Amino acid sequence: MLPWAVYEGTPFKNVVGLCHSVRDTHAFLAETVDVPVEEVDFFTAGFNHQAFVLRFEKNGKNLYPLLDEAIGRNPELQRRVRVELYRRFGYFPTESSEHSAEYVPWFMRHDEAIERYRVAVNEYLRRSEANLDEYDEIKQSLASGRGFDVEPTHELASEVIHSIETDTPREVYGNVHNGSLIENLPADCCIEVPCDIDSSGIRPLPAGQLPSQLAALNRTFLNVAELTVRAALEGNQEHVYQAAMMDPNTAATLRLDQIHDLCDELIDAHREFLPMF
């Protein structure tokens, strides 16, 4: 939603959204089948938090059968939302289990599914609180003159900037305007695909057509994303309610009047940040 709103609602067209999900999923899959990640040929596409690993090979050999064996040996691995989605849709999803569950209607509606698949319902509240605590510590360190150590990490934004400034070629998965990069998703939407990066900029790689079941799953949530972007750019509060109504998880959990009331409560709570409403 965020890059989509930026490239459609601002003068900025050279826009890429960055997330670690694809990179971390590739590392997880390589580790699970006991193959060094640098020896694995991956190709992944979809949209952020619901992309799928379309190619998972070493020297042209499909590694998915090794993944199936690893899952079969590990009962705890079988109790993950993303593994269940892989079983049902045929390709491994890129997002963590607790986050994947938020995009679909089949898990968080049911207490027994939350327990079976170990969905950490409060995980993002915990992370947000930890982030706020860390931010406070950093502000206090700066205000007191103590400062803090700065160490390089593998944040994707820094790698993109480094490649552009130093002409160092890299492949980074980015969230970009679709056009025809994924042929069976809407042209206006924002999708996640591999991007070649060097001093000439960011060049997204076309993915062709997604398998039909993956495109269908993506289109379901892209309806929510489009309505949310329209709500923000047009200042249309009705689209907020409609986006929530279309959300698969919300629709599976709440009645229409409950969805409307929930949106009202959230809008009131964030009123100072929503001048368009």
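**Fold and overall size**

I counted 12 helices and seven strands in the protein chain, taking helices (H or I, at least four residues) and strands (E, at least two) as DSSP runs numbered from the N terminus. This is a predicted model, and I kept local features to pLDDT of at least 70 and side-chain atom pairs to pLDDT 80 or more, while totals for chains, interfaces and linings use all residues. Residues are numbered from 1 along each chain as its sequence is written, and side-chain values use heavy atoms, with hydrogens and water left out.

I looked up the radius of gyration, taken over C-alpha atoms, against the globule rule of 2.2 Å times the number of residues to the power 0.38. For 277 residues a compact globule would come out near 19 Å, and the 20 Å of the protein chain agrees. Along the principal axes, the C-alpha atoms fill a box of roughly 55 × 50 × 40 Å.

I noted that 40% of the 277 residues count as buried (under 20% relative accessible area; exposed is over 50%, partly exposed in between; 1.4 Å probe, protein chains only). For contacts I used heavy atoms within 4.5 Å. Of the contacts between residues at least 6 apart in sequence, 58% join residues at least 24 apart.

**Helix α1 and Arg230**

In helix α1 (residues 2–9) I found Pro3, Trp4, Ala5 and Tyr7 buried. Their cover includes β5 (170–177), β6 (190–198) and α9 (212–234). I then went to Arg230, which sits in helix α9 and is buried at 17% relative accessibility. Leaving aside neighbours within four places in sequence, I list Glu8, Gly235, Asn236 and His239 as the contacts of Arg230.

**Cysteines**

I searched for disulfides (cysteine sulfur atoms within 2.5 Å) and the structure holds zero. For Cys190 the nearest cysteine sulfur belongs to Cys189, 7.2 Å away. For Cys195 the nearest is that of Cys190, at 9.9 Å. I recorded Cys190 as buried at 8% relative accessibility and Cys195 as buried at 1%.

**Salt bridges**

My rule was a side-chain nitrogen of Lys or Arg within 4 Å of a carboxyl oxygen of Asp or Glu. The count comes to 17 salt bridges.

I checked Asp41 and Arg55, whose side chains meet at 2.9 Å, N to O. Asp41 is in strand β1 (residues 41–47) and Arg55 in strand β2 (residues 50–58), 14 residues apart. Asp41 is partly exposed at 34%, as is Arg55 at 31%.

I next took Arg127 and Glu98, with closest N and O atoms 3.3 Å apart. This pair links helix α7 to helix α5 (residues 97–100) across 29 residues. Arg127 is partly exposed at 34%, whereas Glu98 is buried at 16%.

Glu159 and Arg170 form a salt bridge at 4.0 Å. Glu159 lies in helix α8 and Arg170 in strand β5, so the pair ties together parts 11 residues apart in sequence. Last, I noted that salt bridges with shared partners join Glu98, Glu123, Arg126 and Arg127 into one network.

**Val121**

I placed Val121 in the loop between α6 (111–116) and α7. Val121 is partly exposed, at 44% relative accessible area. Not counting residues up to four places away in sequence, Val121 touches Met108 and Ile114.
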